Amino acid sequence: MKTNEYFKETGTANQIENCMIGSVTYNKANADLLFSIIHKNKTLLSNDECFVEDISDSFEDKNKSSDGTAMLGLMLAHQKYHINIKYTTLALICLIFDIAVSQGFASFLLAMLGVDYSLVKLDDMEKCIAYKLKEEKALSSDELKHSCQCNFVHYNLKCGKLNDDGTCNKWVDSEMIDKTLESMINKKVIKLKGDKYVLIF
């Protein structure tokens, strides 16, 4: 793999997950979780990445039950997805959401990015910052500290740190954010580019 290579697949969720098992994760549960997270967190994708869903052209309603529930089941069974995502984006999602990857994919991270996946673990604040930097591309320390609105969905739920107005109650400690940024630099997850923090992925 090269860092500019893309995971490109078209098919049902199950077919795409099976491909993920071969190139990123090592079991069905991890692939299912990875697919679900991409579906719910599409803001993590860059402009040149896509996750598109549509009903397969092969789906036909001939001689099928007119029951609404049965029809919905048939439609979902024929749901197709078109995915074009960078392997580096998949790696970042795995880090943020604690998805274990295959030995081969971990070796790719170490060889291409200098990140030893077996050692790099992100705490809650690091995950939030990584998510925000993937979403916004590059942010200064001050911009990060004022970036309190959050679209972060952890598995099927918000992370539980949001106030009723959608602002985050963790992003109030300036010193904590500074220490977190330093930790992420040491872990080679982010770097400074001028006065902006960017992801190494």
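1. The structure holds zero disulfides, a disulfide being a pair of cysteine sulfur atoms within 2.5 Å. Cys-19 is partly exposed, with a relative accessible area of 29%, and Cys-50 is partly exposed as well, at 27%; here buried means under 20% relative accessible area, exposed over 50%, and partly exposed in between, with a 1.4 Å probe and protein chains only.

2. This is a predicted model, in which local features need pLDDT of at least 70 and side-chain atom pairs count only at pLDDT 80 or more, while totals for chains, interfaces and linings use all residues. Residues are numbered from 1 along each chain as its sequence is written, and side-chain values use heavy atoms, with hydrogens and water left out.

3. Helix 6 covers residues 124-136, where helices (H or I, at least four residues) and strands (E, at least two) are DSSP runs numbered from the N terminus. At 1.5 Å a residue its 13 residues should span 18 Å, and the end C-alpha atoms are 18 Å apart, which agrees; the expected span is 1.5 Å times one less than the number of residues.

4. After the helix comes Lys-137, whose phi is positive, near 80°.

5. Helix 6 and helix 8 pack at an angle of about 80°, with their axes 10 Å apart, the axes being lines fitted to C-alpha atoms over the stretch in contact and the angles running from 0 to 180 degrees between N-to-C directions. That makes helix 6 roughly perpendicular to helix 8, a term that applies from 65 to 115 degrees. Met-125, Glu-126, Ile-129 and Ala-130 of helix 6 make the contact with Met-176, Ile-177, Thr-180, Leu-181, Ser-183 and Met-184 of helix 8, contact meaning heavy atoms within 4.5 Å.

6. Leu-90 lies in helix 4 and is buried, with a relative accessible area of 0%. Leaving aside residues up to four places away in sequence, Leu-90 touches Phe-7, Val-24, Leu-34, Ile-38 and Ile-85. The C-alpha atoms of Leu-90 and Phe-201 are separated by 9.6 Å, although these residues are 111 residues apart along the chain.

Conventions:
Angles under 35 degrees count as roughly parallel, over 145 as roughly antiparallel, 65 to 115 as roughly perpendicular and the rest as oblique.
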